[in-house]
Amino acid sequence: MRVAVCQLNSRADRAANLAVAADLLARAADAGADLAVLPEYVDYLGPADGEPKPEPVDGKFAEFFAAAAARHGMWVAAGSFHEAGPDAAHTYNTSLVFDRGGALAAAYRKIHLFDVEIPGRAPYRESATVAPGDEVVTVAVDGVDVGLSICYDLRFPELYRRLTIAGARVLLVPAAFTAHTGRDHWEVLLRARAIESQCYVVAAGQIGDHEPGRSCFGRSMIIDPWGTVVAQVPDTVGIAVADLDMGRVAQVRQVVPSVANRRLG
């Protein structure tokens with residue numbers, strides 16, 4: 001399986017963001033990708049008062065990426081968007097996966113919400129406007145089980161253990177990881193999830209400034225099940241591509257059978 005991570009600097013212009021996403025998907029398809037992964041909130045990352053109206057999973061956001069998947073004959077993991085939520089005050093932070101024909105193959109609602117206070121910076125209160133999901137989701141991509149997650153989920157290894165037990169051999173992490181924490185934690189956490197799960201990890205991030213007080217780290221990357229970074233996007237908008245070998249997953253799990261040897265969970 002050849003995969004591509006797409007790195008964006010989404011801002012307050014949804015049409016412009018989608019145009020960049022479409023261009024990166026075309027580049028991924030030209031590179032022969034079977035699956036392309038986009039970042040969290042790929043269509044809009046700007047002031048809250050300008051956010052697009054929340055949509056259902058078959059709304060305009062889904063139509064756009066379904067059409068792109070069908071146009072390129074490529075699987076597309078469309079980062080995430082604001083899905084219409086359980087009440088008027090809350091959305092879901094939802095990731096959609098489309099198959100080669102443009103059909104919706106899976107939807108995952110972010111489980112862990114980013115509620116933190118970083119000294120000297122504006123507090124983040126994702127739960128004030130976003131409702132958590134409650135379902136662990138895998139999807140078969142050309143016969144390979146792929147586990148879904150979003151950004152802050154990365155700090156909760158129990159989710160990835162459940163995805164691994166469910167059969168995942170590839171883990172997706174669309175993200176808008178903050179620059180402040182990303183410098184020290186992003187790659188470390190991604191490699192840890194790959195090593196402990198003995199899976200490939202495909203992480204697509206936002207990069208740069210997006211709105212006053214918010215900057216994202218970028219460094220989108222693909223990591224093998226030994227924890228080795230095999231591809232990384234430079235610090236700009238762009239893509240990186242790598243071939244995933246499922247035989248490598250089997251080899252690592254045989255050499256260090258930690259998944260098979262687990263006693264808890």
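I began with the salt-bridge network that links Arg-14, Asp-43 and Glu-55. The model is a predicted one, and I kept that in mind for each entry.

**Entry 1**

I looked up the pair Asp-43 and Arg-14, whose side chains form a salt bridge at 2.9 Å, N to O. Asp-43 is buried, because its relative accessible area of 3% falls under the 20% cut-off. Arg-14, at 21%, counts as partly exposed.

**Entry 2: other salt bridges**

I found 13 salt bridges in the structure. One of them joins Arg-2 and Asp-243, with 2.6 Å between the closest N and O atoms. This pair links distant parts of the chain, 241 residues apart: Arg-2 belongs to strand β1 (residues 2-7) and Asp-243 to strand β18 (residues 238-243). Arg-2 is partly exposed at 30% relative accessible area, and Asp-243 is partly exposed at 47%.

I also looked up Lys-110, which forms a salt bridge with Glu-126, the closest N and O atoms being 3.0 Å apart. Lys-110 sits in the loop between β6 and β7 (115-116), and Glu-126 in the loop between β8 (124-125) and β9 (130-131), so this pair ties together parts 16 residues apart in sequence. Lys-110 and Glu-126 are both buried.

**Entry 3: helix α3**

I listed the buried residues of α3 (residues 157-165): Leu-159, Tyr-160, Leu-163 and Thr-164. They lie on the same side of α3, because they cover an arc of only 135° around the axis. I asked what covers them, and the cover includes strands β6 (104-109), β10 (138-141), β11 (144-148) and β12 (170-175), along with helices α4 (179-197) and α5 (246-255). Just after α3, I noted a positive phi of about 115° at Gly-167.

**Entry 4: nonpolar cores**

The largest nonpolar core has 49 residues, and those touching the most other members are Leu-148, Val-170, Leu-172, Trp-186, Leu-190 and Val-202. I followed Val-170: beyond its neighbours within four places in sequence, its contacts include Val-144, Val-146, Tyr-200, Val-202, Leu-244 and Met-246. I also found a second, separate core of 25 residues, among them Ala-4, Leu-18, Leu-25 and Phe-61.

**Entry 5: a surface patch**

Trp-226, Val-255 and Val-256 make a nonpolar patch of about 290 Å². I located Trp-226 in the loop between β16 (221-223) and β17 (229-232). Trp-226 counts as partly exposed, at 45% relative accessibility.

Definitions and conventions: Residues numbered from 1 in each chain as written. Predicted model: local features only at pLDDT ≥ 70, side-chain atom pairs only at ≥ 80, totals over all residues. Heavy atoms only, no water. Buried < 20%, exposed > 50% of the residue type's maximum accessible area, 1.4 Å probe, protein only. Helix = DSSP H or I, 4+ residues; strand = E, 2+ residues; numbered from the N terminus. Arc of directions from axis to C-beta. Contact = heavy atoms within 4.5 Å. Patch = residues over 30% accessible without salt bridge, like charges linked within 9 Å, V, L, I, M, F, W, Y side chains within 5 Å. Areas by Shrake-Rupley, 256 points an atom, 1.4 Å probe, with all protein chains shown as cover. Salt bridge = Lys/Arg side-chain N within 4 Å of Asp/Glu carboxyl O. Core = buried A, V, L, I, M, F, W, Y, C linked by side-chain atoms within 4.5 Å.
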